[in-house]
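This briefing covers a few local features of one chain.

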Amino acid sequence: AIKCSLSAGFIDFPKYASNSSQLIVSIDYFISICEKQAGGYIEFNDSMLAAVTRKNKIVKIINEAVNNNGFEVYFQPIYDVTKKIYNKAEALVRLCDTELGYISPAEFIPIAEETGLIVKIGRFVLESACKKIRELLDSNYIIECINVNVSPVELNLPDYSDFIISLIEKYSIPKGMIELEVTEGVLINSFESNAKVFGKLLENGVIFALDDFGTGYSALSYLMNVPVKTIKIDRSFISQITNSVNSVIVEGVISIAKKLNMSTIAEGVENKSQLDILTKYGCESIQGFYFSKPVPYNAVNASFAISR
């Protein structure tokens, strides 16, 4: 038996588009909405027009920011509960516009991926992370690594590994000090196709973290076959860690990670109750507002201790 469904959309022209170019843009957005529903029809409305208009504005803002150094890199320090120091950080890209104000990465990153602009953004963040590592090392700060998120779009580039290796050489980055954060979907769906990329980067001292663990496939068996050093437990589990089910899951993930010689970072820790439970379960590192919000590039140095 074959099951079929039909999705249809209707746009009132010229009410929602004054010319053919605007109509095509609206249709593209509309198609993406229709594809997400299993059958039925949708009529283009005012809220959709507002969404299309905002998206177009953000595309323009991203373009301008890419060409005029409009992005900023913030760093969120990561606290080691065993050593009782900040010894890691995650590099986070930020975008602010005079009209729209602060634009969340959750909103502009997917648009940047869709337009291909994520490549230039990602390279800017990577180089900023390398610059910061070199700066911290030269000033004798204690730093183990800086984490950088990597997009599937970047991984598919033929020169991606070469670009990272060139930065490692340019800034003389010691092995293990750049940790790329990839999602479960990237590792599981694209590991074989990107095996050479992962292998080349591993050979050159790049390490990998599995980001947002628990929100995707969550197949623990995959951890045996992927080159991951760190598991980042998603904030959705941490926010509800006092719930018995979530508590058991988090404890289990930390236990399995230890047996596989992987470290764990808990994301989104905001209070002492969460910290106490995670410490009891043996989670090594904590990332979240309880210890530190993301801070500007020039302010993060104050978080780290100086080697004596």
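Helices (H or I, at least four residues) and strands (E, at least two) are DSSP runs, numbered from the N terminus. The model is predicted.

**Loop residues with positive phi**
- Lys84 lies in the loop that joins strand 3 (72-80) and strand 4 (85-97).
- Although Lys84 is not a glycine, its phi is positive, at about 60 degrees.
- Lys84 counts as exposed, with 60% relative accessibility.
- Asn261, in the loop between helix 10 and strand 10, is not a glycine either and has a positive phi of about 60 degrees.
- The relative accessible area of Asn261 is 72%, so this residue is exposed.

**Helix 11 and its ends**
- Helix 11 spans residues 272-281, and its residues Gln274, Leu275, Ile277, Leu278 and Tyr281 are buried.
- These residues lie on the same side of helix 11 because they cover an arc of only 165 degrees around the axis.
- An α-helix has 3.6 residues a turn, so residues three or four places apart point the same way.
- The packing partners of the buried residues are helix 9 (235-238), helix 10 (244-259), strand 10 (263-267) and strand 11 (285-287).

**Glu154**
- Glu154 belongs to helix 5 (residues 152-155).
- Glu154 is buried but has no salt bridge; Arg123, the nearest side chain of opposite charge, is 6.0 Å away.
- The Glu154 side chain reaches the backbone nitrogen of Ser151 at 2.9 Å.
- Beyond neighbours within four places in sequence, the contacts of Glu154 include Ile118, Val119, Gly122 and Tyr160.

Notes:
Residues are numbered from 1 along each chain as its sequence is written. This is a predicted model: local features need pLDDT of at least 70, side-chain atom pairs count only at pLDDT 80 or more; totals for chains, interfaces and linings use all residues. Side-chain values use heavy atoms; hydrogens and water are left out. Buried means under 20% relative accessible area, exposed over 50%, partly exposed in between (1.4 Å probe, protein chains only). Lys and Arg count as positive and Asp and Glu as negative; His and the chain ends are not counted. A salt bridge is a side-chain nitrogen of Lys or Arg within 4 Å of a carboxyl oxygen of Asp or Glu. A polar contact is a pair of N or O atoms within 3.5 Å; within protein, one must be able to donate a hydrogen and the other to accept it, and residues adjacent in sequence count only if both atoms are side-chain atoms. Contact means heavy atoms within 4.5 Å. The arc is that of the directions from the helix axis to the C-beta atoms.
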